Amino acid sequence: MAVSTVKLRMLYIMKILLERTDEGHVMSAADIGKALGVYGMSADRKTIYSDIETLTEFGLDILQSRGANGGYYVGAREFEMAELKLLVDAVQSSKFITGRKSKELIGKLERLASAHEAKQLQRHVFIYDRPKTGNETIYYNVDQIHTAILGNRQIAFQYAQWTVGKRLAPKKDGAIYQVSPWALTWDDGNYYLIAYDEEADRIKHYRVDKMQRMQVENQERVGKENFQNFDLAAFAKKTFSMYGGQDEEVVLLCKNEIAGVIMDRFGKETMLTPVDEKCFKARILVAVSRQFFGWVTGIGKSMHIAGPAHVQKAYKEYLQEIVEEY
């Protein structure tokens with residue numbers, strides 16, 4: 001038998017074991033020999049035993065189950081099932097990944113498990129199905145942004161917004177935005193670019209799926225000094241779904257039952273100061289904006305803006321505008 005055929009046979013045995021076996025599904029040497037026939041190959045039991053021994057020495061975790069229905073199976077894999085389920089859920093819950101691309105990615109994740117275990121991932125997808133975007137330019141955008149960051153280059157693009165006709169249309173009559181990209185972050189199922197705008201002399205953020213006609217420019221990035229001590233986690237906490245506003249330290253008076261809401265939003269390190277048996281105060285740094293006020297309104301009577309006074313006043317005006325519409 002030619003050496004190339006010997007190598008090919010061994011690779012097919014590895015493929016068969018990876019795809020068809022796990023702790024609950026084993027294959028005997030006879031089963032493996034029969035499976036090789038599908039690929040136009042054959043091998044006696046002694047040869048299969050030898051190939052399995054070689055694959056084990058190579059590093060594939062092939063275990064043997066003894067007994068009447070014993071056989072070989074792959075034990076430890078690169079990813080455990082629990083890890084694959086987490087990855088599948090992350091893909092499925094991401095708003096910026098289209099339905100078609102989600103299926104492609106999950107299909108690739110399934111191939112990291114046996115065919116039998118992959119069925120668990122398929123059920124997992126069905127349970128956690130969520131709405132998806134239809135915009136696939138994000139994959140090109142992410143690649144371009146990484147290229148620019150690695151090459152220390154600026155990027156230029158048009159920034160879009162949704163119209164009532166359910167299409168993305170460029171903002172500011174198609175104006176070109178040119179910024180220095182420094183980081184990408186994921187918030188509430190969306191991908192965002194964190195960049196420095198030299199003209200405005202400030203750090204800004206952009207939804208990657210709303211960036212169109214992106215190009216990597218020849219100019220080197222600027223604004224490095226603004227990111228020397230930049231805390232991305234703190235930035236995400238205070239911006240509330242990535243909408244801008246004036247940074248303010250706000251005091252919230254909250255009922256005890258929403259302590260979890262505050263910690264989920266601002267982190268467990270947030271100081272919760274008891275006021276009485278029913279309430280506590282939380283001092284937080286937020287970007288005061290209509291989106292922040294909307295979030296406070298959604299909590300209802302369980303939360304009250306206790307200060308500062310000018311933020312209270314702005315919130316009252318926000319509520320009054322809404323009331324006047326009715």
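Reader: Which residues are linked with K101 in a network of salt bridges?
Author: K101 is linked with R100 and E104 in a network of salt bridges, where a salt bridge is a side-chain nitrogen of Lys or Arg within 4 Å of a carboxyl oxygen of Asp or Glu. This is a predicted model, in which local features need pLDDT of at least 70 and side-chain atom pairs count only at pLDDT 80 or more, while totals for chains, interfaces and linings use all residues. Residues are numbered from 1 along each chain as its sequence is written, and side-chain values use heavy atoms, with hydrogens and water left out.

Reader: How many salt bridges does the count come to by that rule?
Author: The count comes to nine salt bridges.

Reader: What does D209 pair with, and is D209 buried or exposed?
Author: D209 forms a salt bridge with R207, with 2.8 Å between the closest N and O atoms. D209 counts as buried at 4% relative accessibility, and R207 is buried too, at 18%; buried means under 20% relative accessible area, exposed over 50%, and partly exposed in between (1.4 Å probe, protein chains only).

Reader: And K204, what is its partner?
Author: K204 forms a salt bridge with D197, the closest N and O atoms lying 3.0 Å apart. K204 is partly exposed at 24%, whereas D197 counts as buried at 10%.

Reader: Switching topic, which residue does E321 bridge to?
Author: E321 forms a salt bridge with R290, and their closest N and O atoms are 3.3 Å apart. E321 is partly exposed, with a relative accessible area of 42%, and R290 counts as partly exposed at 46%.
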